Amino acid sequence: MKENYHLIKRIEKLVISLVLIIGVIFIAIIILKGINFFHKKSSLIRTRYINEQKILLKNEVDRIILRMNYMNNIVKREKIKPIIKNFLNFLKSYRFGKNKNNYIFILELLNINGGDKFAKMFFNPNRHDITGKYISDKFKDAKGKEFRKEFLKGLRKDGECFVEYWYKKIDNPKPSPKVSYFKLTDDKKYIVASGVYLDDVENKINLLQKKVKQDIINEIITVIIIVVFTVIMLIFIFSFFINNIKKTINIFMELFNDAIINNREIKQSSIKYLELINIIEDINVILQEKIIIENELKNKMQEITNINKKLENYSYTISHDLKEPIRSIRTFSEFILEDYEDSFDDEARDYFSRIIKASTKMALMIDDLLTLSRIGRINVEFSLNSISKIIENVKDTLSQKMKQTNTVLEFNNLPEIYCQKTWMYTVFLNLISNAIKYSDNENTVIEIFYDESPDFYEFSVKDNGKGIEKEQFDKIFGLFRKAHQDKNIEGSGAGLAIVSSVIEQHKGRIWVAWSEIGKGTIFKFTISKNLNSKENI
Amino acid sequence: MNEELILIVEDNDDDVLMIKRGLKKGKLGNPVHRVTNGAEALEYLNNNDNLSKTKLILLDLNMEIMNGFEFLHRRLDLPKVKNIPVVVLTSSIRENDIQKAYDLGCNSYVEKPLDPKKFIEAILSIENFWIYFSRIPEVS
C-alpha cells in the first residue's frame, strides 16, 4: 500500500539528519587528521632530536680526530709520549652532552675489511676490561644485528659512519637502543667513536610529544566547537526557513479551503512563493469554471424542481379529474340498482355490478398511481421508528380481515430503525394484506423475521399461502401486475410496485427469496443502515 | 315550513345530485339552494333574506370563476357570512389544500368518498352535526 507522508516533515528530517551526518563526518575527519598530524609531528621531533645528537657526536669526534691527527704527526718523535698519556687521561674523564654522560672510545684498526681480529680496543673509559683486546666484526647486538660490519662498510666507503644498534649501559645490563658515530683517523690506524643512548632521548621526545598532543587536542576541540556551532546554526536557519514554508502552506490551505467552501476565488497578498502563486492562479481558473458550472447546475436543478412540481400538479389534477367521472359512474350505477332493482332481471343486475366493480378498480388504480408518483418526489425525513409498533398498526388495520380469514401474524424482536414511518407502514400493510389475500389455507400463518448485515437490515415476510410461480418472481414488482389473475381478488395490482418504490427510497431492495406453489412464499427486503440524516430524493 | 336552508356551492351536477339524494334520506328535510361557484354564492348571500335563512354552506374547492379558497378568503371580511358554518366537501386530499382551507376559516373538511353508501353517510352526518345539533336549545 502507498504510504502517505508530510512532505515538509520529511524534508525537515532529511536535512537535519544530513547536517548532523556531515557534522559528525567532519569531526571524524578532523580527529583522524589530528592523529595523523600527531604521528608525523612525533616522528619529525624524533628525527630532529636524533639529528641534533648526531651533530653533537660528530662535532666531538671530529675534535678528537683533529687532535689525534695532529698528535700522530708529532708522536713519531719519541719525546712527546707524555702528551699521549695526558690526552688519554683527558679522554678518561671527558664527558659531553646535556647530562655530561657521553664519552669517546677508540679502536685500533688492524684490518679495514673485517675479520675476527679486525681491531683492538684501544681506549674505552667505561670498559677497561676489554682494553687491548681484539674485537670481531661478527659480534651481534641484542637484536642480532652485526653492527660492526655495518660501520666498517661505511668507513671503507666514506671514512665515517653513523650506526644504530642495541648495547648495554654501564649501570644497567639490559641493552638499550643507541646511535654511534665512527670515524677513521687520517692515517687509517684508529677509529674514533662516540655514542648516545636513544632511550634517554626517548623520554625527552615523550615530553615534547605530550606537549604537541595537548596542542593538537586543543585545536581539535576548537574545531569541534566551531563545527557544532555551525551545525546548530544551520539547523536553526533551516528550521526558520521550514517554518516559513509551513506557515505559507497553512495560509495557502486556509485560503484554498475558504475558496472551495465559499465558492469564490482565492485572493491573497501574503504568499510570496512564485510556485504557490502560479498554483493559486490555476486554481482560480478552475474555481471560476466550477462556479459557472455550479450556477448552471443550480439553475438546472431549479428547473427540474419546477418541472417536478408541475408534473406533480399535473398528475394530481389528472387523477383528480379522472376520479370525478368514475365516481359518478359508480355512484349512479348504484343509485339505479337501488332505485330500480325490481325492474331489472339478473343479467342486467350483473352488468351493473360489473360496471361498479370496474369503476371501483379504476379509481383504486388512479389512487395508487398518485401514491407512486408522490413516493419518488417528496422530501423524505427519516426518523427512528419501532418496526414492531408499525406492524402492530398494520395488525389493527387488518384485524377484521384477519379474524375473517383466521390469520395468525407472528413476529418478535424487531429492531428500531431509521425509516419513513408512513411508507414503512405501507410496505408491511401491502405485504401482509397480500399474504392474507392470496391464501387458500384455512389457517393462514404469516411470520416476520429479521436479520442484519454490516450495511443493511433484512426483513423476511413468510406465508403459507398459494405461492408464486418462478417466472413471476420479478414481474410481480411491476406496475399493475398480479401474481394471480383472479378476478375475485381485489386490488389495483400496484401494491408491490409501491412497496418496491418505497424500499428503493430506503436504499434497499426487495425480492422473492423462496416460493413454492401450494406451500407459501418468503419475501425478503433490505433497508439501508445509513439513513439517519435528512435526504432529498 | 323549515326555513333552515343549506347552500350548496358546487359546479359538478353529479355531485349535487348525490348531495341532494343524501339529504333526501335524512329526516330533517332542509331546503337546499345550489350555486355553481363562489361568486354566485356571495351574490346569493348578499341578499339579507337569503343570508338569514342559510344555516350551512357545503363548499367545493375546484370551481371556475371563483374557487372555494377565494370564497373562504372573501368570507373573512363579511362578518355575517362568517357566522354561517362552512363544510368543505371536495375530492382533494392534498395536505396543502386541507391546511389552506382550515387557515381560511372553514369549519370542517370532508373528502368526497368514492363509495356511494359512504358518500350518503357523510352527507347525513354533516347535516346531523351542523343543522340538528345547532338546533338543540342551549342548556341554561
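Buried area is the accessible area (1.4 Å probe) that two parts lose on being put together, summed over both. In this predicted model, where local features need pLDDT of at least 70, side-chain atom pairs count only at pLDDT 80 or more, and totals for chains, interfaces and linings use all residues, chain A and chain B bury about 1,700 Å² between them, 51% of it on carbon and sulfur atoms. Residues are numbered from 1 along each chain as its sequence is written, chains are lettered from A in the order in which they are written, and side-chain values use heavy atoms, with hydrogens and water left out.

**Interface of chains A and B**

- A:Y316, A:R327 and A:F335 supply 35% of the area that chain A buries against chain B, more than any other three residues.
- Contact, taken as heavy atoms within 4.5 Å, links 14 residues of chain A with 20 residues of chain B.

**Salt bridges**

- Six salt bridges are found across the interface of chain A and chain B, each being a side-chain nitrogen of Lys or Arg within 4 Å of a carboxyl oxygen of Asp or Glu.
- The side chains of A:R330 and B:D115 meet in a salt bridge, at 3.6 Å from N to O.
- Helix α5 of chain A (residues 274-340) gives the most to the side of chain A that touches chain B, with 13 residues; helices are DSSP runs of H or I with at least four residues, numbered from the N terminus.

- A:F229 lies in helix α4 (residues 198-262) of chain A.
- A:F229 counts as exposed because its relative accessibility is 55%, the cut-off for exposed being over 50% (1.4 Å probe, protein chains only).

Conventions: Helix = DSSP H or I, 4+ residues; strand = E, 2+ residues; numbered from the N terminus. Buried < 20%, exposed > 50% of the residue type's maximum accessible area, 1.4 Å probe, protein only.
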